[in-house]
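Please read it beside the sequence and the model.

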Amino acid sequence: MSSKSSIISQIKNLNMEEKPLPEIPDFEVAANLEEAFAQSLAGNKGQVVSKDELEALIAASDFKKIYSSSPLFDAYSNCELPAHPAEFADLDLAILEGQVASAENGAIWLDESNLGIRAIPFITSHLVILIRGEAIVGNMHEAYQKIGSAHSGFGAFIAGPSKTADIEQSLVVGAHGAMSLRVVIL
Amino acid sequence: MSHPANATAFLKDQSRAKWHDETLWIVRQKRDQTIHAIPEWEKLRDLASQIKEHTLSKLDFYLEELEKNASANGIKVHWAENAEEHNEIVGRILEEKNCKAIVKSKSILTEECHLNPYLESKGIEVVDTDLGERIIQFLKQPPSHIVMPAIHLKKRDISDIFHEKLHTEKGNEDPVYLTHAARLHLRSKFLEAKVAITGVNFAVAETGEFVVCTNEGNADMGVHLADTHIACMGIEKLIPRRKDLGVFLRLLARSATGQSITNYNSHFRSPAPGKELHLILVNNGRTKQLAREKFRNSLKCIRCGACMNTCPIYRRSGGFSYGSTVPGPIGSILSPGIDLKKYSTLPFASTLCGSCSDVCPVKINIHEQLYEWRQEITKAHGTSAKGLSMQLANGIFKSPLAYKLSGKMMRAALKNLPESIIYNPLNVWGKSRNLPETPAESFKDWYKKNRK
Ligand code: SF4
């Protein structure tokens, strides 16, 4: 017998009584979603910045390799998507558009249509995500309602920069992935 | 395997044991703070528990749904009855790819299956990429906690091992410096690896996808750079619908560390163009646990670690004292199901205070199951399994005179013991507990005097 049929038949043989699957109700959400989102993001070590602040930051920094998938920041983009993600190992800044954001925890949904290549938000040294104000919802339930189950091979809720606390519980930002996350609310 | 013996070894280094206890308690307190910001917390726990209960009651159906939908998405689905078969499947894929080095993100299941030694015996280099996991891998130790694998180590230990392995500055204990040294080291591994292995936090039957949650982004760095992604999951990791993830993602990180969510929550549904995605569904005793009605609930566990952080025994005895892949309260329910004899002391490593059940995001009745196991073990092993305290108590309860005397003696002693003895470092219980006020007389004496 294959392992599959063995596992399935072991479960079937238990003749378990079916337990009900609950519906997920609506829950109350914050009054000011943008404010709550900014606060949650800060809790995850991310930061909401204005478009002007971001532009000033890029002007003042020495980011050499910048990729933007957003027409809004086209002028800064100085490279194309590579054939292999390893070629983006020296990417300094990526500017991507997010689809939905949840105010209760700062998580922003991006899927393949926003990414170009899946590795971008992780391999870049610094990450910027743009999100429309109307796309901020109260909590994760509303976020999943909005994204539905439209097919994308890959999607992620990104809520902050790469971080770790594995050394004596001291929080360090920039473990493997992006060392900062800035969000511009449009 | 004896928990009391192992715990005694851990408690030899008093200052480290105290630090371990206090650090985990801080994590527990962070959990408390964040859940207070969520008015519907209890409702979420109920929902999570019910969703898991429903899934377990139709697990065969949902597993087949998952396979059907994942296959349609282009994921190659494999089934493994036990750890050996799981390892063989991984080994076969690596052989096909002619792959000699892999990167792996934290996965308790691969730990349970002893995948690393298996692959290493075949000459394959395995690099654990979670920082905590990498540290203990250098030290050839298993994780001592399921969420914070290196929680038993101090900066000094990590500085020493990094100096040896990564040539960091001797004596530099700065966590930022050490983390960035690991970042550089691991980046080169990510860029080289052709195959990446991850665990699975949740698999969704409806969409045929699975979700991996990390704070470091190490799972994503691995899989997006490699050509082949192998994901390994226990069959209990399943949930029915995508929207159920909303419930679990709200609970997981808050329960684990007090964060509102992990920073990276990646949903894998199809392989990237030109790449391969494998999903291994592993039983390894889970159907047996499912058959034990009293312990079925333990399969709801989402591995948040909250029960460990809150457990007065875990905090004071360290993860290694449990001698099992999953330590702490939940491990003490899961492990006896695997080997009752070997793990017979674990269900006794509990005060039965119920704190584990109180914090569990999926409402597993952990302390009740521990009590159930005690009875099973006592039945199976006779009195030999009872701890010394049980025997002592037994002796006292058997003799009415001894019982009366012991009460009198305790009342006198507790009143007169100087604080320095009660809160002595050797008395680990006194450290975080106040002793109750002792009554002037026993209930028996009171009853004698006051009854008409
Ligand atoms: S038993 Fe509950 S508290 Fe413990 S790790 Fe599992 S889900 Fe978390």
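## The sheet of chain A

In chain A, 5 strands form an open sheet in the order β1-β11-β6-β3-β2, with parallel pairing; strands (E, at least two residues) and helices (H or I, at least four) are DSSP runs numbered from the N terminus, and two strands pair if DSSP finds at least two bridges between them. The edge strands, each pairing on one side only, are β1 (47–49) and β2 (66–68) of chain A, and the twist averages 20° from one strand to the next.

Strand β3 (residues 93–97) of chain A pairs with strand β6 (residues 126–131) of chain A in the parallel sense over 5 bridges, and A94(A) stands opposite L127(A) in β6(A).

The model is predicted: local features need pLDDT of at least 70 and side-chain atom pairs count only at pLDDT 80 or more, while totals for chains, interfaces and linings use all residues. Residues are numbered from 1 along each chain as its sequence is written, chains are lettered from A and ligands numbered from 1 in the order in which they are written, and side-chain values use heavy atoms, with hydrogens and water left out.

## A helix pair in chain B

Helix α10 (residues 175–192) of chain B and helix α11 (residues 218–225) of chain B pack at about 30°, their axes 8 Å apart; axes are lines fitted to C-alpha atoms, for helices over the stretch in contact, and angles run from 0 to 180 degrees between N-to-C directions.

## Positive phi angles

N15(A), in the loop between α1 (3–12) and α2 of chain A, has a positive phi near 50°. R303(B), in the loop between α13 (286–291) and α14 (306–310) of chain B, has a positive phi near 60°.
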